[in-house]
Amino acid sequence: MNLKDRDKKHLWHPLTQHKLHPETIAITKANGCELTDEDGNVYIDAIASWYTCMYGHCNKHITSRVSEQMQQLDQLVFSGFTHEPAIKLSEALIKILPENQNKIFFSDNGSTSVEIGIKMALQYHFNNGEKRRTLIAFEDGFHGDTFGAMSVSGLSIYNSPFEEFFLDVKRIPTPNGENHEAILNTLKAITKNNNVAGFVYEPLVQGAAAMKMHDAEGLNSILKFCKNNNIITVADEVMTGFGKTGRHFASDYIETKPDIICLSKALTGGLLPMALTTCSKQIYDAFYSDDLSKGLFHGHTYSANPLACTAALASLELLQSDAIQNNIKKITKQHKAFGERVKTRPKVKSIRQIGIIFALDLDVKMERYGNLRDKLFKFFMKNGVFLRPLGNTIYIQAPYVITKKQLHKVYQVIEDALEIV
Ligand SMILES: *Cc1c(COP(=O)(O)O)cnc(C)c1O
């Protein structure tokens, strides 16, 4: 029996209604930007396997370093113990994170990094003797699948069985360049009627909302308001982190820096699961005390796994290399030219781009997991390109090592797809 049939017996896949979508594709090999399935078909991974493998799959620089580390130290309790890969990673990260970031807390997935960010914000006030329990978040945000992360997420179609158990969250619209004043008024009203602890947001790009982008100046005025009102700002850079927007972090585009930053996805170049919640000294100091109970009593078994730290370190070296930085610039330029070319096509409603993130909205009605979406997905795969349309949006977030030829193939299948919608 082939893999995809054996899969059906015992496996339950994420974000999948198995009755409607019984088919999976079994991948047996990945290299650079290419995935190979069990029948030998090759696909260009144009979304870097959920924005993780940004330096290409099975990148030798990363795998060789991790394989060396494996012989040396594999796993360690990170409570009361420490190790060089974690120390080196913290030193390398602090150099490139926004300048107010000072401490790094480890976990192992994006949702959890947000969960920890929320707990830091809530306990910050608790430790300071203030009763604050309300959180603010953007409409249409996505922050993950654990309870705190679900609570601040605005894409509620998946969350309805759990909504009554959520944290207290008030929503504001994303800034569009024209609604600054309205948003500030909403914020004033929320803070007047609630004790607000924190604001959790995806800076500049909302990934799961189909790469919805918003205005940096507007976001800055929201962050300034939060600072002035002692509302802890938590930037969820799980998707935007590590070069995707053209800068190392989306927060680099915004004058007011977040108190807390959540990172995962591209952190280890896709090799191993790991996440970080980083914070300013001000946050850390509220936990630093003679009183044991003021500490952050949160910890995951695989916190700061030495192999994952090594993968992250090797990935950071790549991110900062001239080769990758040049690639980011080149891809950004090529996306721009592609955007100019397709934006006047009849089926294209609009395009948007920041750095290597490119999105195109189709001028058609379509459901997030509906028939047209399935038809498009199948069309792309049949033509050797892995793209995952979201709603009526087709987006590209390919590895930084994608070749010109591969990228042109991605553009070509998208243009061809315009003929079938
Ligand atoms: C993917 C994502 C998460 C959740 O990360 P997981 O590792 O899937 O738990 C949280 N926030 C953002 C912005 C994401 O893109």
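1. In this predicted model, the side chain of Ser264 reaches the backbone oxygen of Met274 at 2.7 Å. Ser264 is part of the loop that runs between β11 (260–263) and β12 (275–280). With a relative accessibility of 7%, Ser264 counts as buried.

2. The ligand site comes next. Around the ligand are Asn109, Gly110, Ser111, Phe142, His143, Gly144, Glu202, Asp236, Val238, Met239 and Lys265. Gly110 contributes a polar backbone atom 2.8 Å from an oxygen atom of the ligand. Ser111 has an N or O atom in its side chain at 2.5 Å from a ligand oxygen atom, and a polar side-chain atom of Lys265 is 2.7 Å from an oxygen atom of the ligand. On its own the ligand has 380 Å² of accessible area, of which the protein covers 81%.

3. Over the whole structure, 13 aromatic pairs are found. One of them joins Phe138 and Phe199 edge-to-face, with 5.3 Å centre to centre and 90 degrees between the planes. Phe138 belongs to strand β5 (residues 134–138) and Phe199 to strand β7 (residues 196–201), so this pair ties together parts that lie 61 residues apart in sequence. Phe138 is buried at a relative accessible area of 1%, and Phe199 is buried at 0% relative accessibility.

4. Phe199 also pairs with Tyr201, this time in a stacked arrangement: the centres are 4.8 Å apart and the planes 10 degrees apart. Phe199 and Tyr201 are both buried. Taken together, Phe138, Phe199 and Tyr201 make one aromatic cluster.

5. Two arginines are placed over aromatic rings. Arg247 lies over the face of Tyr253, 4.3 Å from the ring centre. Arg373 takes a position over the face of Phe377, at 5.2 Å from the centre of that ring.

6. How many disulfides does the model contain? The count is zero. For Cys33, the closest cysteine sulfur is that of Cys53 at 9.6 Å, which is too far for a bond. For Cys53, the closest cysteine sulfur is in Cys58, and at 8.0 Å the two are again too far apart for a bond. A disulfide would need the sulfur atoms to be within 2.5 Å. Cys33 is buried, with 3% relative accessible area, and Cys53 is buried as well, with 5%.

7. Met211 is not a glycine, yet its phi is positive, near 55 degrees. Met211 sits in the loop between β8 (205–206) and β9 (212–213), and it counts as buried at 0% relative accessibility.

8. Ala304 is located in the loop between α9 (281–285) and α10 (306–319). Its relative accessible area is 0%, so Ala304 is buried.

Key. Residues numbered from 1 in each chain as written. Predicted model: local features only at pLDDT ≥ 70, side-chain atom pairs only at ≥ 80, totals over all residues. Heavy atoms only, no water. Phe/Tyr/Trp six-rings, centres within 6.5 Å; stacked < 30°, edge-to-face > 60°. Helix = DSSP H or I, 4+ residues; strand = E, 2+ residues; numbered from the N terminus. Buried < 20%, exposed > 50% of the residue type's maximum accessible area, 1.4 Å probe, protein only. Lys NZ or Arg CZ within 6 Å of the ring centre and 35° of its normal. Near = heavy atom within 4 Å. Polar contact = N/O pair within 3.5 Å; in protein donor to acceptor, adjacent residues only side chain to side chain. Areas by Shrake-Rupley, 256 points an atom, 1.4 Å probe, with all protein chains shown as cover.
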